[in-house]
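Hi! Here is the structure I promised to pass on, with my notes below it.

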Amino acid sequence: MISGDDNTRHSTSSPISTLSGKTSTSETDLSNSVLPSKLASEELNLAINKEANESELKEAINKCKELILENSEYSVERKWLVRHLIELRLRMQEVKEALADPEHPRNKLSSVSNRTIKGHHLRLQSVLNNSGYRYCDQCTGTIWSVVQAWYMCDDCGYVCHYKCMSSIIRECAHVVACERGQYELDICPEKGLSAQKYSCAECGISLVSNKDWSEMRRCDYTGLYYCSACHWGSSAIIPARVVHNWDFKPQPVCQASLQILRVTSERPLINLEQLNPKLFIRVQELSLVKRLRQELQGIRKYLLVCRNATDKHLLWKCDKSHLIDNADMYSLQDLMDTNSGDLPSKLHDLEDVFLRHIKIECEICKGRGHICEICRNEEILFPFAISAHICPECQAVFHKQCIERKKNSCPKCLRIKIRLKSQKEFNNNINI
Amino acid sequence: MASNKKVLLKVIILGDSSVGKTSLMNQYVNRKFSNQYKATIGADFLTKEVTIDDRTVTMQIWDTAGQERFQSLGVAFYRGADCCVLVFDVTAPNTFKSLDSWRDEFLIQAAPREPDNFPFVLLGNKVDLEPRAISAKRAQQWCQSKNDIPYFETSAKEGLNVEQAFLAIAKNALAQQNQTVDLYNEFPDQIKLTNTQRPSNGSDSCAC
Ligand SMILES: Nc1nc2c(ncn2[C@@H]2O[C@H](COP(=O)(O)OP(=O)(O)OP(=O)(O)O)[C@@H](O)[C@H]2O)c(=O)[nH]1
Ligand SMILES: [Mg+2]
Ligand SMILES: [Zn+2]
Ligand SMILES: [Zn+2]
Ligand SMILES: [Zn+2]
Ligand SMILES: [Zn+2]
Ligand SMILES: [Zn+2]
Ligand SMILES: [Zn+2]
C-alpha cells in the first residue's frame with residue numbers, strides 16, 4: 001500500500017483529484033504520527049531526527065525491525081513502528097541517492113533549487129511544506145514531503161520528485177495555455193483510438209498491451225485516450241460544453257487538461273458574444289451580466305478622468321479588471337459565477353458604488369453629466385444610462401424618448417450645420 | 001443685503017483650445033504660469049475666496065476642454081452658473097470667430113432664466129504676443145452687439161489684467177446671484193410654474 005517503488009509509473013490505482021484542487025485520500029502523511037509514550041526510551045535509537053547519516057539509519061532500521069517483532073500485532077506501538085520503518089527506508093534511499101549524485105538537493109552544497117524543464121519553473125520545496133497529500137505528476141507515486149526532495153512549478157503547480165525531474169514529459173500548462181491563447185471549443189473532439197495508434201496521447205505507452213481496456217481513459221476536453229498514469233480520473237468543467245450548451249457538469253479529464261483548465265480559469269479567453277450569441281437570450285443571468293458590463297464600461301470612462309475617483313482608488317474596487325475594461329471577454333470562472341448568480345450581484349454592487357460616486361458624491365462627475373436639451377428636465381442624464389441616446393455625429397446626449405419624438409433629428413447637429421453655412425456665406429461675401 | 005450666509009459663485013470659462021483658459025485660471029488662483037501646453041480633458045474646477053465690498057465669497061471656477069474630442073463628457077455643470085467667461089487668443093482670429101457658438105451653446109445648455117441679461121465677460125488673452133490679429137476695437141464691437149459685455153485684455157503669462165478681470169467676473173456673478181434671489185422672493189410661484197410646465201412639444205428654444 002504505502003510503497004516507495006515510485007518508479008513503477010503504471011501502478012494499478014492512480015490518485016484522483018478534482019478541479020477544486022483537493023486530493024481525495026484518507027491516508028495521513030508519515031510525519032503526523034507522534035512517538036507513542038511506551039517507545040520513549042527507544043527514541044535515541046530510532047533516528048527520529050532528520051540529520052541521521054547512512055550508518056545511523058541502518059542501525060535504526062534494524063532496531064525498528066526488532067521492536068516490531070516485540071510488540072503485539074494490533075498495538076499502537078506496532079502501527080507506529082511499521083510506519084516509521086517505511087519512513088526510515090525512504091530516507092535511506094534518499095541518502096544513498098544523494099551520495100551518488102552531487103547535484104542532489106539533499107547535499108548542502110547543491111545549488112539545484114530552481115530548474116526550468118519543459119517550460120516549468122520548478123522550485124525546490126521546503127521540507128516543512130507538507131501541506132496536504134501530493135502525488136508526483138511524473139511517476140504518480142506519493143510524495144513523502146518530509147523525507148523526499150520534491151519540486152513544484154511556480155506557474156502551473158506541476159509537482160514531482162527530484163528523481164523524476166529528468167523524465168518529465170508534460171509541457172508546462174501555463175506555457176501551453178499562453179501559446180494557444182484559446183480553449184478547445186469543440187465538444188470532446190474525438191478522433192478515435194486508431195488515429196492515436198492505440199497509445200496514450202501523452203506518454204505514448206501502448207494502451208492495448210496490458211489487455212486491460214478499463215485502464216484506457218478518455219479526456220473529455222481533448223477527446224483523446226490516455227493511460228492511467230496520465231489520466232487519473234479527475235474531473236473538470238469543460239469550456240466547450242459551457243459555451244455551446246451552458247452545461248457545467250464536470251467531465252473526466254486527463255491531468256494535462258486539468259492543469260491547463262486550472263491555470264486558465266481566471267483568464268478572459270472566451271468571446272461569448274462571437275461564439276454563441278443566442279446564449280444571451282436563453283440565459284437570463286447572462287443577459288443581465290452583459291447589460292451590467294456595458295454600463296460599467298461607460299461608467300469607467302467617467303472614473304478614469306476624475307481626480308476624486310483616482311484619489312479614492314475607486315476603479316481598484318473591481319478585482320477583475322477585464323470585467324469593466326471591455327464587455328465581451330469572459331473567463332471560465334466568470335461564466336461559472338454567472339451561472340451561480342454571484343457575478344450579477346457582484347457587478348450590481350460595483351455599479352452601486354460607482355454610481356453613488358458619480359451621481360451623488362462627486363461634484364466633478366455630476367458636472368460632467370448631460371442635460372437633455374429637448375425636454376430640459378433638471379435630471380442629469382449620463383450616457384451609460386439605458387434611457388440615454390448618444391448622437392453618433394456630435395456626441396450630444398438626449399433621452400431616447402425625446403429624440404424619437406424629434407424623429408431622430410439632433411438639434412445640436414442642426415445648429416452646427418446652420419453655423420457652418422452662415423460662416424461659408426460670410427467668407428464668400430468677403431471674397432467678392 | 002446683510003446676510004452672513006456663505007456665498008458660492010459659479011463661474012464657467014469657455015473658449016477654443018489653447019487660448020489660455022487653464023493658464024488664466026492658474027495665474028489667478030495659484031499665481032503660476034507654464035509655457036507647456038497640456039490639453040484639458042474633462043471639465044474641472046478650482047475654488048478661490050475673494051472679498052467683494054467687505055463680503056467674502058467663494059468662487060468655484062470651472063475650467064473646460066476646448067478640444068472637441070474631449071467634449072464628449074457633458075456640461076451639466078453649466079446649470080446654475082452665475083457668470084460665463086469667454087476667452088479668445090488675440091493672435092488667433094479663428095478663436096475670435098468661435099465666440100458666437102460658445103455663447104450660443106452655453107445659453108442653450110445652461111438655460112438661464114433671462115438669457116439676454118445673463119452676465120458674460122470677454123477676455124482677449126495673450127496680449128504679450130505679436131502680431132495681433134484681433135484689435136481691441138473689433139473685440140469691443142462684438143461686446144456691444146451682445147448687450148455690452150465687459151471686455152478685458154489679459155496676459156496669463158505676464159499676469160497682466162488677470163486680477164482685475166476676475167474681480168469684475170466675481171462682481172458680475174454676485175450681482176446675477178442677488179438678482180436671481182430677488183426674483184425668487186418676488187415671484188416664487190411663477191418660477192415653479194415655468195419649471196414644471198414647459199411646453200414639451202412644439203418649437204425649439206434654439207437661440208441661433
Ligand atoms: N505668450 C503667452 N502664452 C500663453 C498665454 N496664456 C497661455 N499661453 C500658452 O498657450 C498654451 C495653451 O494654454 P492653455 O491654458 O493650456 O490653453 P487652454 O485654453 O486651457 O486649452 P484647452 O485645455 O485645450 O482648452 C500654453 O502653452 C500656454 O503656455 C499668454 O497669456 N501669453
Ligand atoms: Mg485647458
Ligand atoms: Zn515521481
Ligand atoms: Zn509548469
Ligand atoms: Zn500516458
Ligand atoms: Zn468623480
Ligand atoms: Zn429629454
Ligand atoms: Zn448631434
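**The sheet in chain B**

Chain B has an open sheet of six strands, ordered β2-β3-β1-β4-β5-β6, with mixed pairing. At its edges stand β2 and β6 (151-153) of chain B, each with a single partner strand, so one side of each has no neighbour in the sheet. From one strand to the next, the twist averages 25°. Before you go further, keep in mind that this is a predicted model.

In case the pairing words are new to you: strands of a sheet pair through backbone hydrogen bonds, and they can do so parallel or antiparallel. You can find both kinds here. β2(B) and strand β3 (residues 55-63) of chain B run antiparallel and are joined by nine bridges. To see one of the partners, look at Val50(B), whose bridge partner in β3(B) is Val57(B).

α1(B) touches β1, β2, β3, β4 and β5 of chain B, and its direction makes about 45° with that of β2(B). Helix α3 (residues 99-110) of chain B lies across β1, β4 and β5 of chain B and runs at about 160° to β4(B).

**A strand worth a look: β4(B)**

Is strand β4 (residues 83-89) of chain B largely enclosed or left open by the rest of the structure? It is largely enclosed, because seven of its seven residues are buried. Cys83(B), Val85(B), Val87(B) and Asp89(B) point one way from the strand, while Cys84(B), Leu86(B) and Phe88(B) point the other way.

β4(B) has a parallel partner on either hand. Strand β1 (residues 7-14) of chain B is joined to β4(B) by four bridges, and there Ile13(B) stands opposite Val85(B). With strand β5 (residues 120-125) of chain B, β4(B) pairs over six bridges, again in the parallel sense. In that pairing Val87(B) faces Leu123(B).

For the whole of chain B, count six helices and six strands. Read from the N terminus, the order is β-α-β-β-β-α-α-β-α-β-α-α. Buried residues make up 49% of its 208 residues. Taking contacts in chain B between residues at least 6 apart in sequence, 73% join residues at least 24 apart.

**The magnesium ion**

Which protein atoms are donors to the magnesium ion (ligand 2)? They are OG1 of Thr22(B) and OG1 of Thr40(B), lying 2.0 Å from the ion. The two come from distant parts of the chain, 18 residues apart: Thr22(B) is in helix α1 (residues 21-30) of chain B, and Thr40(B) is in the loop between α1 and β2 (44-52) of chain B. Thr22(B) is partly exposed, at 28% relative accessible area. Thr40(B) counts as buried because its relative accessibility is 18%, and the cut-off for buried is under 20%.

**Where the chains meet**

24 residues of chain A contact 28 residues of chain B. Between them the two chains bury about 2400 Å², with 48% of that on carbon and sulfur atoms. Four salt bridges are found across this interface. At 2.8 Å from N to O, the side chains of Arg415(A) and Glu105(B) meet in a salt bridge.

**Salt bridges within the chains**

Over all chains, the structure holds 27 salt bridges. Lys63(A) and Glu66(A) form one, with their closest N and O atoms 3.7 Å apart. Both sit in helix α1 (residues 54-70) of chain A, three residues apart, or about one turn of the helix.

Compare that with Glu163(B) and Arg31(B), whose closest N and O atoms are 3.3 Å apart in a salt bridge. This pair links distant parts of the chain, 132 residues apart: Glu163(B) is in helix α5 (residues 162-186) of chain B and Arg31(B) is in the loop between α1 and β2 of chain B. Glu163(B) is partly exposed at 37% relative accessibility, whereas Arg31(B) counts as exposed at 55%. There is also a network of salt bridges that share partners, joining Glu266(A), Lys320(A), Asp334(A) and Asp337(A).

**A sheet in chain A**

Chain A has an open sheet of four strands in the order β1-β2-β5-β6, with antiparallel pairing. Its edge strands are β1 (114-117) and β6 (159-161) of chain A, each pairing on one side only. Four bridges link β1(A) with strand β2 (residues 120-124) of chain A, and Thr116(A) stands opposite His121(A) in β2(A).

Happy exploring!

Conventions
Residues numbered from 1 in each chain as written. Chains lettered and ligands numbered in written order. Predicted model: local features only at pLDDT ≥ 70, side-chain atom pairs only at ≥ 80, totals over all residues. Heavy atoms only, no water. Donors = N, O, S within 2.8 Å, 3.2 Å for Na, K, Ca; no water. Buried < 20%, exposed > 50% of the residue type's maximum accessible area, 1.4 Å probe, protein only. Pairing = 2+ DSSP bridges. Contact = heavy atoms within 4.5 Å. Buried area = accessible area lost by both parts, 1.4 Å probe. Axes fitted to C-alpha atoms, helices over the stretch in contact; angles between N-to-C directions.
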